[in-house]
Amino acid sequence: MQIDYKCPDCGAIGILSFSERIISDELRWSASHRCPECDYATELDDIGALPNHLRNVVLQTEGKWQLKLARQPSLAILKALKVELNLSLEALKQLKENIDKYSIIGEGTKTEMVFLKHKLEHTVDEQDALKVVRIFAS
């Protein structure tokens, strides 16, 4: 994906290319820029979700995605969600209510939801019940 980017060295406008992906069981992102005027180069790589300003570009371009659970959550999947999402007991209770009502485990970029699905599939045996779906605007 690409966005306009102001060179931090000379101020010229160029292109920042970035992506998010799953590598070695981790959610990762990277970004790079080479100024067309002064040749200043920027390379960024990190583990975790994209920074919000880049994540918002992905959501606007590719849409929001959900991870859905096709049946009631088992104790095993609730435990896995607590660990993977680093949830408090209160937050886990709210998430369970949301899953019970809407079948939705989470929302985000497609890569984020595929990553969460992958983490849950490796933790519990509920692969057939987990689905990543795109939310379409009405």
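A residue counts as partly exposed when its relative accessible area lies between the 20% under which residues are buried and the 50% over which they are exposed. In this predicted model, C38 falls into that class, with a relative accessible area of 33%. C7, by contrast, is buried, at a relative accessible area of 3%.

A disulfide is a covalent bond between the sulfur atoms of two cysteines. The structure contains zero disulfides. For C7, the closest cysteine sulfur is that of C38, at 3.7 Å, which is too far for a bond; the cut-off applied to a sulfur pair is 2.5 Å. C38 likewise takes part in no disulfide, and its nearest cysteine sulfur, in C35, is 3.7 Å away.

The description now turns to the helices and the sheet. Helix α1 covers residues 52–62, and its buried residues are L54, R55, V57, V58 and L59. G63 follows α1 and has a positive phi, near 85 degrees.

Strand β5 spans residues 65–69. It belongs to an open sheet of three strands, arranged in the order β6-β5-β7 with antiparallel pairing. The edges of this sheet are formed by β6 (104–108) and β7 (130–134); each has a single partner strand, so one side of each is left without a neighbour in the sheet. On average, neighbouring strands of the sheet are turned by 20 degrees against each other, direction ignored. Strands of a sheet pair through backbone hydrogen bonds, either parallel or antiparallel. Between β5 and β7 the pairing is antiparallel and extends over five bridges, and K68 has K131 of β7 as its bridge partner. Helix α3 (residues 89–102) lies across β5 and β6, and runs at about 100 degrees to β6.

R134 is located in strand β7 and, at 35% relative accessibility, counts as partly exposed. R134 and Q66 are separated by 68 residues in sequence, yet their C-alpha atoms are 6.3 Å apart in space. Apart from its neighbours within four places in sequence, R134 is in contact with E62, G63, K64 and W65. Of these residues, E62 lies within the range of helix α1, and G63 is the residue that follows this helix. The contact with E62 includes a polar approach: a polar atom of the R134 side chain lies 3.0 Å from the backbone oxygen of E62.

Conventions: Residues numbered from 1 in each chain as written. Predicted model: local features only at pLDDT ≥ 70, side-chain atom pairs only at ≥ 80, totals over all residues. Heavy atoms only, no water. Buried < 20%, exposed > 50% of the residue type's maximum accessible area, 1.4 Å probe, protein only. Helix = DSSP H or I, 4+ residues; strand = E, 2+ residues; numbered from the N terminus. Pairing = 2+ DSSP bridges. Axes fitted to C-alpha atoms, helices over the stretch in contact; angles between N-to-C directions. Contact = heavy atoms within 4.5 Å. Polar contact = N/O pair within 3.5 Å; in protein donor to acceptor, adjacent residues only side chain to side chain.
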